[in-house]
Amino acid sequence: MKAQALAAETPVKGQLVQSLSRALNILSILGAAGGPMSLTAVAEAAGLSPSTTHRLLTTLQEERYVRFDQGKRGWSVGLQAYMTGINFLRTRSLVDVARPRLRRLMEDSGEVVNLAVEDNGEAIYLHRVAGPRAVQTTVPVAERTLLHCSAVGKALLAGMAETRIQTILSQRGMRQFTRTTVSSLPALKQELTLVRTRGYAIDQEERVSGLRCVAAPIYDETTAVVGAVSLSGTTRRIEDTRVRDLGEMVKRTAAAITAEFGGRLPM
């Protein structure tokens, strides 16, 4: 009888996992809120009863993941959740986060996939993945390239403030590499507006003749652009009919990397 009573009181594994999932969901709800939330509001957002919600909140409160504001009579994220987030920001690596997604994009597209960041007004390639079917380009890993003439560059520029764009272009210029290079400020601004609207940039043989690229930006937790993922190939492989589909693929990959990096897409 004693063993039966103990078994009845001991939560089964499924119940523990469910409680953990619910607690984490509540933490996410509070993290996304603009201020303290009442018990009723948290319960409604989580789809739980007030009693269950209160039990989970008090458990999280004991571990300092949430706190109760007596003055505002509401629950909000606690110090321990903040410290956990800070530790994540200290240790995260864009290359490590992006690497599996870049490989998947390469496998799905069959093209060369790149990860780049802005450095001193240029784009620098941090990582590249190329499968056996992809045609290797003449751009080696870690080469820097100007921003106005590349898909990754335009994806990075599209997330910058106007003053920053002006500073970069005045320092670096807008050299014309091929007959299709965008070499005027009004034309570039028009392209950047299009990048922001559709979510990805296109390089139409603007840096290297016969090479076409599409790229999309990666964002951090403040919605600032921290990098860009691109897909590149010859114009014979990346035909006009494929550009839109590949652009959407790159856009989805960049969004997934953003989420795993702890970032947020701009509204």
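Predicted model: local features only at pLDDT ≥ 70, side-chain atom pairs only at ≥ 80, totals over all residues.
Close-up 1. F68 counts as partly exposed because its relative accessibility is 23%, whereas W75, at 5%, counts as buried; buried means under 20% relative accessible area, exposed over 50% and partly exposed in between (1.4 Å probe, protein chains only). Residues are numbered from 1 along each chain as its sequence is written, and side-chain values use heavy atoms, with hydrogens and water left out. Local features need pLDDT of at least 70 and side-chain atom pairs count only at pLDDT 80 or more, while totals for chains, interfaces and linings use all residues.

**Close-up 2. Arginine side chains over the rings of Y125 and F177****.** R128 lies over the face of Y125, at 5.2 Å from the ring centre, and R207 lies over the face of F177, at 4.2 Å from the ring centre. A charge sits over a ring if NZ of Lys or CZ of Arg is within 6 Å of the ring centre and within 35 degrees of the ring normal.

**Close-up 3. The contact between T145 and R207****.** The side chains of T145 and R207 are joined by a polar contact of 3.4 Å, that is, a pair of N or O atoms within 3.5 Å, of which, within protein, one must be able to donate a hydrogen and the other to accept it, and residues adjacent in sequence count only if both atoms are side-chain atoms. T145 belongs to strand β5 (residues 144-146), helices (H or I, at least four residues) and strands (E, at least two) being DSSP runs numbered from the N terminus. With a relative accessible area of 5%, T145 is buried.

**Close-up 4. E107 in helix α6****.** Helix α6 (residues 94-109) holds E107, which counts as partly exposed at 49% relative accessibility. The C-alpha atoms of E107 and V129 are separated by 9.4 Å, and these residues are 22 residues apart along the chain.
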